[in-house]
Amino acid sequence: MIFTGEISLKTKGDGEIIDITAKVQKIVTDAGITNGIATVFVTHSTVGITTVEFEPGLVADLDKLWERLAPKNIPYGHDAHWGDGNGYAHVRASLLGASLTVPITEKKLVLGTWQQVIIVDFDNRPRSRIVIVQVMGE
Ligand code: ZN
């Protein structure tokens, strides 16, 4: 069976990281399947998704990584095109990716002890965000 759920979030932007593990697990539980996969997909072009050990040191490390990979203070073609000033946010989101697939066994997401599912909102202002969780299994 296939079950599709949705997570709505208000974010601050500017690289804010939000742990959505419990919300994804809730949708898996609601789906009522025992074994399968969950695809978690962000429907936005300035948000990325991955897994981390969600602790302040690593959050700071990731902030520095984004700045090294796609600095805020260099020219972007996107900004020249739209003038919305968030070219760096689009580039960072594209690098991180928009989806994550997590196996499900015995009704639980298969995650490591120190592994959380997070989204990163790279945009340059607070936003309302939707994350789609599609569960497939039996
Ligand atoms: Zn933009």
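**First stop: a helix and its end**

Start at G32, the residue that follows helix α1 and has a positive phi, near 75 degrees. (Helices, H or I with at least four residues, and strands, E with at least two, are DSSP runs numbered from the N terminus.) Before going on, two notes: this is a predicted model, where local features need pLDDT of at least 70 and side-chain atom pairs count only at pLDDT 80 or more, while totals for chains, interfaces and linings use all residues. Residues are numbered from 1 along each chain as its sequence is written, and side-chain values use heavy atoms, with hydrogens and water left out.

Now select α1 itself, residues 21-31, and colour its buried residues: T21, V24, Q25, I27, V28 and A31. (Buried means under 20% relative accessible area, exposed over 50%, and partly exposed in between, with a 1.4 Å probe and protein chains only.) Look down the axis of α1: these residues line one face of the helix, because they fall within an arc of 155 degrees, taken from the directions from the axis to the C-beta atoms.

**Into the core**

Next, pick I20, I49, I119, V131, V133 and V135, which touch the most other members of the 23-residue largest nonpolar core. (Such a core is a set of buried Ala, Val, Leu, Ile, Met, Phe, Trp, Tyr and Cys residues joined through side-chain atoms within 4.5 Å.) At least two residues each come from β1 (2-11), α1, β3, β4 (47-52), β5 (99-105), β7 (116-121) and β8 (127-137). The largest share, 4 residues, is supplied by α1. Apart from this core lies another, of 12 residues, including V52, L62, A70 and A93.

What is V131 in contact with, leaving aside its neighbours within four places in sequence? Select G5, E6, I7, L9, I20, V40, F41, V42 and I119 to see them. (Contact means heavy atoms within 4.5 Å.)

**Two loops**

Go to E55, in the loop between β4 and α2 (56-69). E55 counts as partly exposed because its relative accessibility is 30%.

Then jump to N86, in the loop between α3 (77-82) and α4 (87-96). Is N86 buried or exposed? At 5% relative accessibility, N86 counts as buried. Beyond its neighbours within four places in sequence, N86 is in contact with T46, H78, D79, D123 and N124.

**Last stop: strand β3**

Finish at I37, which sits in strand β3 (residues 36-42). With 34% relative accessibility, I37 counts as partly exposed.
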